[in-house]
Amino acid sequence: MTTPHSPALMQQLPDLPVAYISNIAEFDQKRVQIRGWLYNRRSKGKLHFLQVRDGSGIIQAVMFKGDVSEETFAIADHLTQETSIIVTGTVKKDERAAAGYELSCDGLHVVAAAAADYPISPKEHGVAFLMDHRHLWLRSRRQHAILKVRARIVKSIRDFFDNGGYLLVDTPIFTPNACEGTSTLFETDYHGQKAYLSQSGQLYSEATAMAFGKVYTFGPTFRAEKSKTRRHLTEFWMVEPEAAYLGLDGVMDLAEDLLCTICADVLRDCPTELDTIDSIRSEAEEHRQLKPRREALALVQKPFPRVDYGSAIAQLQSLGSDIPFGDDLGGDDETILTQKYDTPIFVTRYPAEVKAFYMKRDPGDPVRSLSVDCLAPEGYGEIIGGGQREDDHDTLVAGIRKHDLPMSSFDWYLDLRKYGSVPHGGFGLGLERTVAWVCGLPHVRETIPFARLMDRLRP
Ligand code: 4AD
Ligand code: MG
């Protein structure tokens with residue numbers, strides 16, 4: 001088999017500039033080569049229409065029988081989907097083409113013929129089948145667009161914090177202690193000691209915030225979620241800013257600015273991707289009648305409504321829900337609450353009982369905590385959780401006891417309250433839930449290259 005690195009192939013390669021489809025406009029009227037794969041093919045009489053993708057985009061290469069050797073024309077007639085190819089030709093403007101350009105093809109090199117049974121055809125496949133073939137599914141237009149939006153959101157987040165004076169300080173993945181409750185811990189053997197995969201970098205970020213003032217950590221986090229829902233992964237990415245002297249209102253202001261920045265960046269830089277995602281929706285998705293994503297993102301402007309937990313419960317009850325004061329909100333409650341808004345909303349000051357041990361009690365009402373969840377519209381629910389942290393040593397000790405957590409794992413964390421404790425706060429934004437909302441996807445499994453779910457570890 002000929003590989004791209006074999007001397008034989010390198011000798012045959014055309015001596016022409018390599019054009020990337022994303023930059024094709026720079027090569028208008030020029031002869032170039034495009035190195036990629038055959039996405040699709042159609043033939044009509046003396047013409048082959050080759051849809052070629054190179055990772056940066058898709059372009060149609062039109063091969064006219066008279067422009068190539070008979071042998072080349074015959075080879076093109078038998079190319080299988082996903083065969084790796086190099087095509088040469090002249091770039092021509094074409095208003096009708098999705099890329100705005102076409103390639104008037106004058107040469108074709110087959111790098112490696114793909115087996116004829118490429119499993120992903122243009123017809124609709126079941127989700128389980130597609131997830132089993134995720135390593136190939138990633139080549140499809142919609143998946144390609146989603147992951148480009150994801151990458152844009154990651155850049156947006158990094159730029160937002162880097163430019164805002166937040167220092168990136170990475171936190172460990174192996175940890176001796178639980179941050180978000182003991183029921184979703186992944187346990188592992190760490191040279192004879194018990195260790196857990198990090199559920200959140202927060203506790204460490206509190207330490208780094210006391211060292212650097214404003215910090216963020218951005219990495220994979222792990223939760224042994226035992227529920228199969230459209231919002232839960234067992235491995236997901238979270239960005240967690242934390243700042244000294246930041247109170248609950250400051251936490252909300254920061255989250256609001258971040259979300260507005262993300263939406264504006266995606267809207268400006270990924271319109272084509274958003275339209276591609278909108279244009280390829282399954283029947284089930286169409287039934288949800290989401291707004292076109294460009295329209296939805298343009299509506300995300302501050303200020304976002306800030307709803308006290310008590311008034312959220314009252315609203316739910318007035319709409320017929322039997323949720324009592326004191327309960328955490330479920331997914332359905334979140335959907336109902338956000339229905340009348342186009343922007344995300346903040347629900348503030350949840351009962352301390354339903355939140356983690358580190359949440360600061362509300363000094364005005366000790367039943368409540370200085371916590372906040374940010375709920376995305378259109379049924380997407382919680383995308384951010386955060387708040388102000390308990391900064392009093394003894395209250396924190398009582399919280400750790402109350403949650404039945406082993407005090408010995410938290411000795412270092414308690415030091416932060418012993419040596420120069422200050423009011424501080426932060427939040428965690430789930431990247432995949434944010435991507436799902438921005439792209440209008442029915443499930444988080446499409447927002448990450450290789451999803452890890454309760455029942456999926458492969459590919
Ligand atoms: O609300 P959570 O559990 O908050 C924390 O972990 C805090 N320690 C963060 C902080 O204040 N630094 O999780 C934060 C966000 C959720 O709002 C959600 O977007 C996402 O993380 N998330 C998940 N995303 C996908 N799959 C899961 N299983 C998730 N669990 C949480
Ligand atoms: Mg939460």
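This is a predicted model: local features need pLDDT of at least 70, side-chain atom pairs count only at pLDDT 80 or more; totals for chains, interfaces and linings use all residues.

Guide: Residues are numbered from 1 along each chain as its sequence is written, chains are lettered from A and ligands numbered from 1 in the order in which they are written, and side-chain values use heavy atoms, with hydrogens and water left out. Strands are DSSP runs of E with at least two residues, helices are runs of H or I with at least four, and both are numbered from the N terminus. Two strands are said to pair if DSSP finds at least two bridges between them.

Strand β1, residues 31-44, is antiparallel to β4, and 7 bridges hold the pairing. The strand β2, residues 47-53, is likewise joined to β1 by 7 bridges in the antiparallel sense. Within that pair, Arg 41 faces Leu 50 of β2. A hairpin is formed by β1 and β2, with 2 residues between them, and Gly 45 in its turn has a positive phi of about 55°.

A second hairpin, also with 2 residues between its strands, is made by β8 and β9; His 191 in this turn has a positive phi of about 50°. For context, a negative phi is found in most residues other than glycine. The strands β8 and β9 (residues 193-197) run antiparallel and are joined by 4 bridges, and Tyr 190 has Gln 193 as its bridge partner in β9. These strands belong to an open sheet of 3 strands, ordered β7-β9-β8, with antiparallel pairing. At its edges are β7 (174-175) and β8 (187-190), each of which pairs on one side only.

Another open sheet has 8 strands in the order β6-β10-β11-β18-β17-β16-β13-β12, and its pairing is mixed. Its edge strands, each pairing on one side only, are β6 (167-168) and β12. Between β12 and β13 (residues 345-348) the pairing is parallel, over 3 bridges; here Asp 308 has Thr 348 of β13 as its bridge partner.

A pocket, found on a 1 Å grid over the protein atoms alone, is an open set of points where a 1.4 Å probe fits, with protein on both sides within 12 Å along at least five of seven lines, and its lining residues have an atom within 4 Å of a point. A molecule sits in such a pocket if more than half of its atoms lie within 2 Å of its grid points. The space taken by ligand 1 is the largest pocket.

Polar contacts, meaning pairs of N or O atoms within 3.5 Å, can be followed atom by atom. A polar side-chain atom of Glu 225 lies 2.9 Å from a nitrogen atom of ligand 1. On the backbone, an N or O atom of Ile 384 is 3.3 Å from a ligand 1 oxygen, and a polar atom of Gly 385 is 3.5 Å from an oxygen atom of ligand 1. Taken alone, ligand 1 exposes 630 Å², of which the protein buries 94%; accessible areas come from the Shrake-Rupley method with a 1.4 Å probe.

Technical notes
A polar contact is a pair of N or O atoms within 3.5 Å; within protein, one must be able to donate a hydrogen and the other to accept it, and residues adjacent in sequence count only if both atoms are side-chain atoms.
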